[in-house]
Amino acid sequence: IISGTTYVPQIAGTSYITTDFNNFDVDLPLYTLKMLPADKCYVSSSGNDDNSGADDLSALATVNEAVTRLNNAHVAEKPYIINVTGEISFSKIIELNSALLPCNITIDGGGSGILNGSETSGVMSIIGDSKTFILQNLLLQNGKNSDGDGGGLFISGTNTIKLNNCTIKNCTASANGGGIYIADGSVTLTGSTIQNCTAESN
C-alpha cells in the first residue's frame, strides 16, 4: 500500500512513472520497460533492438542497446556476458563507462562476432575506474576517430582491460592510437593483433 499523492520510482535507469493514487480516473500513458536477462544477452546481425536479448532467436541488433539497458541496472555482481554473432555495423561509438555499469562486462564474439565502426566513429570507448572488461573472440574494424585518439579502442581510467583472441584492423585516428589509445588502466592482449591501423600524430 502506497500512501500520499505521487509515487515516482526510477526503473533500471530508463523510465520515470508519475501516478496520482488519489485519482483513479486518470488515464495513464503506457510505458514499455526494456530489461535484459539476468546474466547474459545476445546481439546478432539479424536481431532487433525491440527484442528481449534472451537468446539467438530474440537477439538485440546492437551492442549499444545492450549497454544502454545495463547502465544503472540492478544485476548480480558477477561478469555480465554480451554474446555477439555476425557483423554489427553502427555509427555511434560503443561506450563502456564503469561509473554507469553495475558489474564487470565480457563481450564475446564466439569467433564470428564483428564490431564495425563503418568509418564514421571509433569502435569502442572504455572509461572509468575499478571494473574489469574482457573482449574476446572479436574483430573490431573500420573505426574512425576524426576528433582525437583511438580509432579502434579508446581506454581511460583505472579499469582492467583484457583482449583475448581479438583483431583490431583498418582503424584510424586524427591524433594518437589508430588501433588502441591507452591513457590509463591495465591492458593485456593475449592472442590478439592490430592490423593496418594508422594515426596522424603517432
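**Notebook: strands and cysteines**

I began at K40, which stands opposite I81 in β6. I am working on a predicted model, where local features need pLDDT of at least 70, side-chain atom pairs count only at pLDDT 80 or more, and totals for chains, interfaces and linings use all residues. Residues are numbered from 1 along each chain as its sequence is written, and side-chain values use heavy atoms, with hydrogens and water left out.

**Strands.** I noted how strands are named: they are DSSP runs of E, at least two residues, numbered from the N terminus. Two strands pair if DSSP finds at least two bridges between them. I then looked up β5 (residues 40-44) and β6 (residues 80-85): 5 bridges join them, and they run parallel. In this pairing, S44 stands opposite T85 in β6. Next I followed β6 to β9 (residues 105-116), and found 4 bridges, again parallel. I82 has I107 as its bridge partner in β9.

**Burial.** I used these cut-offs: buried is under 20% relative accessible area, exposed is over 50%, and partly exposed lies in between (1.4 Å probe, protein chains only). In β5, 4 of the 5 residues are buried, so the strand is largely enclosed by the rest of the structure.

**Cysteines.** How many disulfides are there? I looked for pairs of cysteine sulfur atoms within 2.5 Å. The count came to 0 disulfides. C197 is in none; its nearest cysteine sulfur, that of C171, is 4.4 Å away. Is C197 buried or partly exposed? I read a relative accessible area of 22%, so C197 is partly exposed. C103 is at 5% relative accessibility, so I listed C103 as buried.
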